[in-house]
Amino acid sequence: DEARSLAGEEKGAALDKMKATLEAKAEKNKNKELVLQQKALEAKAAEALACAKAQLKEAHAADIQALKNDLERRVAALSADGAGALEEQVKARDSDLAAQRSRLEKEAAEAQAEALSA
């Protein structure tokens, strides 16, 4: 009976040892799986970040292009306004000069007529 009891204890101890070994292996496998899951999540996060950066870059490029187009339109409008204003100034100056010329020609004609009558 004692031998049986001793053999049963040894068998129980061996089973406990095997159980502990299997649990350790299972824990190790679980840890490996968690590490793999974490790496997969990190890869997805890196991909999402790269995608977000690319979208942000595209958005910035679009914003910059829109601002550039707006500035070019404004410069063109200002140039047209400036050219129009300059053209109006030239026309007014031409009109003033024509009026001065007409007045001077009239005065010259009057002076010549006066000189001839004297």
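A salt bridge is a side-chain nitrogen of Lys or Arg within 4 Å of a carboxyl oxygen of Asp or Glu. The side chains of Lys91 and Glu87 meet this description, with 3.6 Å from N to O.

The model is predicted: local features need pLDDT of at least 70, side-chain atom pairs count only at pLDDT 80 or more, and totals for chains, interfaces and linings use all residues. Residues are numbered from 1 along each chain as its sequence is written, and side-chain values use heavy atoms, with hydrogens and water left out.

## Overall form

The chain has one helix and zero strands. Helices (H or I, at least four residues) and strands (E, at least two) are DSSP runs, numbered from the N terminus. The chain is more spread out than a compact globule, because its radius of gyration is 50 Å, well over the 13 Å that the globule rule gives for 118 residues. That radius is taken over C-alpha atoms, and the globule rule is 2.2 Å times the number of residues to the power 0.38. Along the principal axes, the C-alpha atoms fill a box of roughly 170 × 10 × 10 Å.

Two pairs of residues give distances along the chain. Asn29 lies in helix 1, which covers residues 2-117. From Asn29 to Lys39 there are 10 residues in sequence and 15 Å in space, C-alpha to C-alpha. Ala92 is also placed in helix 1. Ala92 and Leu56 are 36 residues apart in sequence, and their C-alpha atoms are 53 Å apart in space.

## Surface and charge

Buried residues make up 0% of the 118 residues in the chain. Buried means under 20% relative accessible area, exposed over 50%, and partly exposed in between (1.4 Å probe, protein chains only). Asn29 counts as partly exposed because its relative accessibility is 48%, and Ala92 counts as partly exposed at 40%.

The chain exposes about 10800 Å², of which carbon and sulfur atoms supply 60%. Accessible areas come from the Shrake-Rupley method with a 1.4 Å probe; for residues, only the protein chains shown count as cover.

There are 20 positive and 23 negative side chains, and the centres of the two sets lie 9 Å apart. Lys and Arg count as positive and Asp and Glu as negative, while His and the chain ends are not counted. The place of a charge is taken as NZ of Lys, CZ of Arg, CG of Asp or CD of Glu.

## Salt bridges

The structure holds five salt bridges.

| Pair | N to O distance |
|---|---|
| Arg74 and Asp70 | 3.2 Å |
| Lys91 and Glu87 | 3.6 Å |
| Glu105 and Arg101 | 3.1 Å |

How far apart are Arg74 and Asp70 in helix 1? They are separated by about one helical turn, because they are four residues apart. Lys91 and Glu87 are likewise four residues apart in helix 1, so about one helical turn separates them. For Glu105 and Arg101 the spacing is again four residues in helix 1, or about one helical turn.

Is Arg101 buried or exposed? Arg101 is exposed, with a relative accessible area of 57%. Lys91 is partly exposed at 48%, and Glu87 is partly exposed at 45%. Arg74 is partly exposed at 48%, and Asp70 is partly exposed at 22%.

Asp70 and Arg74 also belong, with Arg73, to a network of salt bridges.
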